[in-house]
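Please look through the sequence and the model shown here.

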Amino acid sequence: MLFAAYANKLTGPIPATLFEGTGVEGFFADNNQLNGPIPAELLKIGCPGSISLGGNSLPGSIPRDFFGECGLTKLDISDNAFEGALVLPVFPQFLNLSYN
């Protein structure tokens with residue numbers, strides 16, 4: 001599954017039910033008004049190549065094991081409210097952490 005919902009004024013937390021029963025190849029929800037934690041279900045079924053969540057209001061920290069051994073090529077979590085250390089066992093080709 002490829003999920004793309006750029007700049008749609010989506011609000012609230014990312015529903016974990018989006019990721020039930022299917023692998024996620026890419027998740028793109030930039031420039032919305034999403035908040036709450038990133039659901040762990042995003043990576044429980046498959047390893048997306050790209051995750052782009054920049055320009056939302058996602059808070060807190062990202063769990064150390066959130067990304068496991070996935071082969072992320074792009075990770076954009078810029079312009080959110082993340083804090084703390086980010087540990088990636090496999091470093092993506094593109095990483096944007098600006099404005100957190």
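**A walk through the model**

Lys9 is exposed, with 66% relative accessible area. The model is a predicted one, and in it Lys9 sits in the loop between E1 and E2. Its phi is positive, about 60°, although Lys9 is not a glycine. The loop between E1 and E2 also holds Ala7. Ala7 is a residue other than glycine with a positive phi, near 45°. Ala7 counts as exposed because its relative accessibility is 54%, and the cut-off for exposed is over 50%.

The protein has one helix and nine strands. Read from the N terminus, the order of elements is β-β-β-β-α-β-β-β-β-β.

Which strands make up the open sheet, and in what order? Five strands take part, in the order E1-E3-E5-E7-E9, and their pairing is parallel. Strand E1, residues 2-4, and strand E9 are at the edges; each has a single partner strand, so one side of each has no neighbour in the sheet. From one strand to the next, the twist averages 10°.

Inside this order, strand E3 (residues 26-28) and strand E5 (residues 50-52) run parallel and are joined by three bridges. Phe27 has Ile51 of E5 standing opposite.

Phe27 also takes part in ring pairing. A pair of aromatic rings is described by the distance of the centres and the angle of the planes. The structure holds three aromatic pairs. One of them is formed by Phe3 and Phe27, which are stacked, with 4.8 Å from centre to centre and 15° between the planes. This pair links distant parts of the chain, since Phe3 belongs to strand E1 and Phe27 to strand E3, 24 residues apart. Both Phe3 and Phe27 are buried. Together with Phe19, Phe3 and Phe27 form one aromatic cluster.

At one edge of the sheet is strand E9, which covers residues 94-96 and contains Asn96. Is Asn96 buried or exposed? Asn96 is buried, because its relative accessible area is 19% and the cut-off for buried is under 20%. Leaving out residues up to four places away in sequence, Asn96 touches Leu75, Asp76, Ile77 and Ser78.

Another loop, between strand E2 (11-12) and E3, contains Ala16. Ala16 has a relative accessible area of 26% and is therefore partly exposed. Apart from neighbours within four places in sequence, Ala16 is in contact with Pro39 and Glu41. Ile38 is 22 residues from Ala16 in sequence, while the C-alpha to C-alpha distance between Ala16 and Ile38 is 8.6 Å.

The last values concern the whole protein. Of its 100 residues, 42% count as buried, Asn96 being one of the buried residues. Taking contacts between residues at least 6 apart in sequence, 36% join residues at least 24 apart. The protein exposes about 5,400 Å², and 53% of that is supplied by carbon and sulfur atoms.

Technical notes
Residues are numbered from 1 along each chain as its sequence is written. This is a predicted model: local features need pLDDT of at least 70, side-chain atom pairs count only at pLDDT 80 or more; totals for chains, interfaces and linings use all residues. Side-chain values use heavy atoms; hydrogens and water are left out. Helices (H or I, at least four residues) and strands (E, at least two) are DSSP runs, numbered from the N terminus. Buried means under 20% relative accessible area, exposed over 50%, partly exposed in between (1.4 Å probe, protein chains only). Contact means heavy atoms within 4.5 Å. Two strands pair if DSSP finds at least two bridges between them. Axes are lines fitted to C-alpha atoms, for helices over the stretch in contact, and angles run from 0 to 180 degrees between N-to-C directions. Rings of Phe, Tyr and Trp (its six-membered ring) pair if their centres lie within 6.5 Å; planes under 30 degrees apart count as stacked, over 60 as edge-to-face and the rest as tilted. Accessible areas come from the Shrake-Rupley method with a 1.4 Å probe; for residues, only the protein chains shown count as cover.
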